[in-house]
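Try each task yourself before reading its solution.

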Amino acid sequence: MGKIWLIARHEYLVSVRRPGFIIMTVLVPLLGALGLLIAALFGGQASTFLERQFAPEPEHIGVVDQLGCCTPILPAHQERFRSFSDEKAGRAALEADEVTALLVIPEDYVESGQVMVFSKRGGFSAAVMGDSASVRAFFVDHLLRDEVDPVLRRRLAEPIEPVFVSLEAEGEPRRGPLNTAVNIMVPYFLSVLLIMTIFTSSGYLLRGVAEEKTSRVIEILLSSVTAWELLAGKVLGLGALGLTQVTIWLASTNALSGGAMNLLGVAVPVLARPEVFVLSVVYYALGFLIYAVLMGAVGALGTSMQESQQLAGIFSAMAAIPLMLGGFMFSNPNMTLVRVLSWFPLTAPTMMILRLPMAKVPLVDIVGSIVVLILAIPTVLWAGSKVFRAGLLMYGKRPSVADILRVLRQA
Amino acid sequence: MVVIQVQDMTKTFNGLRAVDGLSLEVEQGEIFGLLGPNGAGKTTTIRIIMDIFKPDEGTVRVLGQPPGMAREHIGYLPEERGLYRNLKVMECLAYLAALKGVNRSQTAQRAGRLLASVGLEGQAQNKVQALSKGMQQKLQFVATILHDPQVIILDEPFQGLDPISTEQIKGLITGLREEGKAIVLSTHMMNQVERLCDRILLMNEGKRVLYGPLEEIKRRHAPHTVQLRTPATLEALPGVACVQRHGDTFTLTLEGITPQELLRTLVERNIPVQAFEVATVPLEEIFISVVKERHYG
């Protein structure tokens, strides 16, 4: 154990001084602080500006009502919506920039729900028209104007207005689209950072092993320690390095959240759900263990740094699948594909770290994925350390798949 | 005292016998030469002794223990070697010594003395990559013996060294023998083996070909040649097939008689003898002839 500790300490101290690690660790809090600084410079306008960016609303919308359900336009909507007799007139107004979007309500709208949305250059605001609060309110108000009370109509148009309350933050809880965006984006961003940390730390392991192999230090080390002690020491040291980075990021994000509250009126929910934080750290540790051992083995197999990195790409690509599914996750964090990937050992850590802050994940997925990982880790450790040992002393020749299988059979 | 004992050791890689039934003993206070052509199985033998590889068959004991149990008492300089180029010299030595169980203060004391003995004084705070290749070679030797091991295994220790550095390392090696350390020296440089080793083992195709005290092996391979120094002019002598003269020294090739019988003849004929020595063949010649004999019959 003493030698494992020595190796872990050495790996930690060497890597913590690497310029890449220092830059990456400092960059995240610096970017956060820079964002706040810009917000401070713009004063109260920052919040409005950002709200518009996250939830853009077209200023003037033209309406061609072929069904007749929205004619005449109610006084409450006349400021934003303008009626046109036919599509040609509406298009001409759009061309002349009198309106920023044109809605054409067909005769079968009630059955089909389809509305044609015209915009001059496409763009985000037209694409999100269906989610626009004012457009929703326009349709609900006009369709139900005679049957439903105005207060109830407003509630139908906007069923919930989430109010996020951060117990750590002082002041009144705020609401609005920016708050919603921050509550989704910040945990997601932190999750991505956590995943990046897994890869940067295990990447250091890959690089360290490849360097020790190419610089021929490895045999000197193996005269003092076993291959298993060497791998275990490296995994522990670089795991601690990753945790250091995560701790610094979380602490600085938490510190910056006070500034965000004051400047933007937004509570940053870093530690709003402690169970998510704890589980994220658990998945981080399990994920790092699996990937670090795999990276160690791959580092030992390659005959050069470039070759090792190419081999490692196979595992990195696999672990990056959950990141690629980010778009689907926003719409449904508990969809079947996401759940399946949460149970597969090589994607489970990254998938769960991304899923946890976005929704209430079923307990069975949490327990199941942790159990699968705990069962998979000894297998990965066993196979990884055998391949690591076999690969360390192979110079000039990369072992073939048959060689690797033979090593595992003979182990 | 026997410090390394190998008995009937065999190791096979992909059906190829790298070491085939090898037995050897290395004793305390000797320099033991492990010789052989490329691919003879020397490095595999060393790696098994170091517990980097496991033998398929046979037993290995180092200081009376299985390999791997005595790591802290062995200093190993592998043929494939390197150092942490981005670390300072002292940091690098401290880490490697710590893995052998030596603390920082002990390392600092011994490192200063050893660095000075190989001409690296004043380099402790420099980065390894700032040293020349030869300096790094010497630094590796220092790292090998820094923890004061009882057994030292050196695989091609003179590779890449200039003559002055070679002499420095040789001086250190003989000094370690005087201290009672056991040294296993694997090298292709036969002249160094002849000057340093007490006993040798020549391997070929994984098998032991020659084994024993160096002088005895050399005599065994040159029983028919005698070197004689005399001021007299030599006439035809019975049993002497060929005479070569170099000043007052004659090299006599014997045929059908022993060196003792020749000496008796010289005394009977009152030929003054200033020096009489059974000649030895250079180790390199023995090495080549034995290996060729094995290869080509």
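A salt bridge is a side-chain nitrogen of Lys or Arg within 4 Å of a carboxyl oxygen of Asp or Glu. This is a predicted model, in which local features need pLDDT of at least 70 and side-chain atom pairs count only at pLDDT 80 or more, while totals for chains, interfaces and linings use all residues. Residues are numbered from 1 along each chain as its sequence is written, chains are lettered from A and ligands numbered from 1 in the order in which they are written, and side-chain values use heavy atoms, with hydrogens and water left out.

**Exercise 1. Describe how chain B meets chain A.**

Step 1: Begin with contacts (heavy atoms within 4.5 Å). Here 23 residues of chain B touch 22 residues of chain A.

Step 2: Turn to buried area, the accessible area (1.4 Å probe) that two parts lose on being put together, summed over both. The two chains bury about 2300 Å², with 57% of it on carbon and sulfur atoms.

Step 3: Look for salt bridges between chain B and chain A; the count is 3. One of them pairs A:Lys3 with B:Glu72, whose closest N and O atoms are 3.6 Å apart.

**Exercise 2. Find the residues with the most contacts inside the largest nonpolar core.**

Step 1: Learn the terms. A nonpolar core is a set of buried Ala, Val, Leu, Ile, Met, Phe, Trp, Tyr and Cys residues joined through side-chain atoms within 4.5 Å. Buried means under 20% relative accessible area, exposed over 50%, and partly exposed in between (1.4 Å probe, protein chains only).

Step 2: The largest core has 144 residues, and B:Ile4 and B:Ile153 have the most contacts inside it.

Step 3: Check the surroundings of B:Ile4. Leaving aside neighbours within four places in sequence, its contacts include B:Leu24, B:Val26, B:Ile49 and B:Ile153.

**Exercise 3. Compare two salt bridges, A:Arg339 with A:Asp365 and B:Glu30 with B:Arg199. Which of these residues are buried and which partly exposed?**

Step 1: Take the distances. A:Arg339 and A:Asp365 meet at 2.8 Å, N to O. For B:Glu30 and B:Arg199, the closest N and O atoms are also 2.8 Å apart.

Step 2: Read the accessibility. A:Arg339 is partly exposed at 30%, whereas A:Asp365 is buried at 0%. In the other pair, both B:Glu30 and B:Arg199 are buried.
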